[in-house]
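Me: Got a model open here and I'd like to talk through a couple of its elements. Can you take a look with me?

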Amino acid sequence: MRTEKFVFKKKYGQNFIYDGNLLSAIVSDAKITPETEVLEIGPGEGTLTKKLCAAAKRVVAYEIDRQLQAPLGALQSEFSNLEVIFQDALKTPTEEIEKNFSGDYVVVANLPYYITSPLIFKFLASRASWLTVMVQKEVAQRFLAKPNSKDYGIPTVMINYRANVEYLRTVGRKMFTPQPNVDSALIRIVKDETKPKAKDEKFFTSLVKAAFGARRKTLLNNLLSLNISKEKILSALNKCSIAPSSRAEQLSVLDFISLSNSLN
C-alpha cells in the first residue's frame with residue numbers, strides 16, 4: 001500500500017511499516033478484539049490502520065501530516081468503523097480526543113523519538129486502558145531498567161510509578177521505510193491503579209527530577225536544589241533508611257515514594 005509520490009518528513013519522524021506479517025503480529029500483541037475501541041496515533045499511509053479496522057470495533061486515527069489525506073481517505077471509505085482526524089494528538093486536549101469513544105479504549109502507535117515520553121505520559125493520565133507502542137529499542141530499555149543500571153532514570157521511575165511495562169518484541173531497523181539508524185521495540189504499557197502513590201504527586205515529580213539532576217552527585221547534594229534544608233533532607237533519608245551518599249539510580253520507585261512522603 002505504498003504511496004510512491006509521498007515524501008517522508010524527518011520533522012515528523014516518519015518511518016512506516018509495510019510487512020503484512022509484522023503488522024498482523026502488532027494487532028495480536030495489542031490484544032485487539034471485536035469489542036475494542038482503538039486510538040491510533042500516527043497512522044501514516046494506513047498499513048496498520050487497515051489491520052486494526054479488520055480486528056476492532058472502532059478505530060480513530062490521529063495524523064499530523066495532511067499530505068496523507070489520499071491514502072487515509074481511501075481507507076475511511078473502505079471501513080465504516082474508521083475515523084481519521086488530521087490533528088496533532090499531542091496538542092489536542094485529552095477530553096476532546098475521548099469524545100470519540102463510548103468508554104474505555106486502547107492506544108496503538110508507532111512513535112517518533114521526540115514525542116515518545118510526552119505522548120505516553122499524556123495517555124497514562126487518560127481513560128485509555130493500555131498502550132501498545134513502537135519506540136526506539138533504547139527507550140524501551142530505559143522504561144524497563146532496574147535500579148543500579150545505567151539506563152535507570154527519570155523516565156523509568158515515572159512510568160513505573162503509574163504502570164507496568166511489558167517488552168513484546170524487537171523490530172529491526174530493516175522493517176521500516178525509510179530505514180532508521182536504530183532498532184525499535186514494541187512494548188505494552190498497562191496502567192495499574194493498585195500501585196502505591198505519593199501524597200503529593202507534583203512534589204514527587206519534582207523530587208525525582210531533582211534526584212537525577214546530576215548523576216555524579218550524591219542524592220543529598222541533588223536534593224538541596226529543592227530548597228529544603230539539609231537537616232530536613234538528612235532526617236528524611238534516615239527515616240527511609242537511605243544513605244545520604246546514595247545516588248538516585250540506587251533507589252526503587254517505592255524508595256522515591258517513601259522519601260517524597262517524608263519530605264512533604
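Me: Is strand β5 mostly covered or mostly open?
Reply: Mostly covered: 4 of the 5 residues in β5 (106-110) are buried, meaning under 20% relative accessible area with a 1.4 Å probe, protein chains only (over 50% is exposed, in between is partly exposed). Strands here are DSSP runs of E, at least two residues, and helices are runs of H or I, at least four, all numbered from the N terminus. Keep in mind that this is a predicted model, where local features need pLDDT of at least 70, side-chain atom pairs count only at pLDDT 80 or more, and totals for chains, interfaces and linings use all residues. Residues are numbered from 1 along each chain as its sequence is written, and side-chain values use heavy atoms, with hydrogens and water left out.

Me: Which strand does β5 pair with over residues 37-41?
Reply: That's β2, parallel, over 4 bridges; DSSP has to find at least two bridges for strands to count as paired. Ile41 has Ala109 of β5 as its bridge partner.

Me: And what about β6?
Reply: β6 (130-136) also runs parallel to β5, over 4 bridges, and Val108 is bridged to Thr132 in β6.

Me: New topic: which residues of α10 are buried?
Reply: In α10 (230-239), Ile233, Ala236 and Leu237 are. They span an arc of only 100° around the axis (taken from the directions from the helix axis to the C-beta atoms), so they sit on the same side of α10.

Me: What's on the other side of α10?
Reply: Glu231, Asn238 and Lys239, which are exposed there.

Me: What do the buried ones pack against?
Reply: α9 (219-223) and α11 (253-263), with contact meaning heavy atoms within 4.5 Å.
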